Amino acid sequence: MLDAETKRRIDSCRDILVGKVPDPKSQVEQITIALIYKFMDDMDAEAEELGGTRTFFAGDYARFGWAQLMAPGLGGFEVLALYSEAIQNMRQNPGVPELFRDIFKNAYLPYRDPETLKSFLKEINVFTYDHSEKLGDAFEYLLSVLGSQGDAGQFRTPRHIIDFMVAVLDPKKGETVLDPACGTAGFLISAWKHILKNNSSPRT
């Protein structure tokens, strides 16, 4: 069951990101990537404690370990560069299972503010594999955030829904198209493509 502290920390992560990553879906993606990153390092640490070896952050990827990322002497821009490089290259890490590699498939850092990243990673640092139940609660709460992502005044309509609605409305050349809740202009672009397609001659 989700406890108040776990919810508070996830909300804190979102609050830190909102100025740089306003879209709730993107916030959830960034938090998920960071939690999995920390989760993998915790499993490596546990393996070492039990007499085994690291597998996630080993070899060429050892420099991306969580301890290196959180090292006190590392400057803000150094942390930003290291973390950004890590999440973009993790999908190629042979020590990471395919399921985890898929999570990092299109991972990237959408902002370049070191203070935002350091504050964000400080919150993520509290989550540990030792408290796997709380980690599970965190992911469950993130899923609920995705289900109600309109709470920030933003909702990204799926592409197939946009195209279906435009096809039903069937806008014509010369008509005026209005999207009063325009965000990324998905409806307007789809309407333009629809009109263009219906008023273009087939290429020969």
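Phe-164 is exposed in this predicted model, with a relative accessible area of 55%, where exposed denotes over 50% relative accessible area, buried under 20% and partly exposed the range in between, with a 1.4 Å probe and protein chains only. Residues are numbered from 1 along each chain as its sequence is written. Because the model is predicted, local features need pLDDT of at least 70 and side-chain atom pairs count only at pLDDT 80 or more, whereas totals for chains, interfaces and linings use all residues.

Phe-164 lies in helix 8, which spans residues 159-169, helices being DSSP runs (H or I) of at least four residues and strands runs (E) of at least two, numbered from the N terminus. Together with Ile-161, Met-165 and Val-168, Phe-164 makes a nonpolar surface patch of about 380 Å². The protein chain holds nine helices and zero strands, and 36% of its 204 residues count as buried.

The second largest pocket has a volume of about 270 Å³; a pocket is here an open set of points on a 1 Å grid over the protein atoms alone, where a 1.4 Å probe fits, with protein on both sides within 12 Å along at least five of seven lines, and lining residues have an atom within 4 Å of a point. Of the 14 residues that line this pocket, Lys-25, Ser-26, Glu-29, Gln-30 and Ile-33 are the closest to its centre. Helix 2 (residues 24-49) supplies the largest share of the lining, seven residues, and the lining as a whole comprises eight nonpolar, four polar and two charged residues.

Terms used
Side-chain values use heavy atoms; hydrogens and water are left out. Patches are made of residues with over 30% relative accessible area and no salt bridge: like charges are joined within 9 Å, nonpolar side chains (Val, Leu, Ile, Met, Phe, Trp, Tyr) within 5 Å. Accessible areas come from the Shrake-Rupley method with a 1.4 Å probe; for residues, only the protein chains shown count as cover. A salt bridge is a side-chain nitrogen of Lys or Arg within 4 Å of a carboxyl oxygen of Asp or Glu. Grid points are joined across faces, edges and corners, and a volume is the space filled by probe spheres set on the points. Ala, Val, Leu, Ile, Met, Phe, Trp, Tyr, Cys and Pro count as nonpolar, Asp, Glu, Lys and Arg as charged, and the others, Gly among them, as polar.
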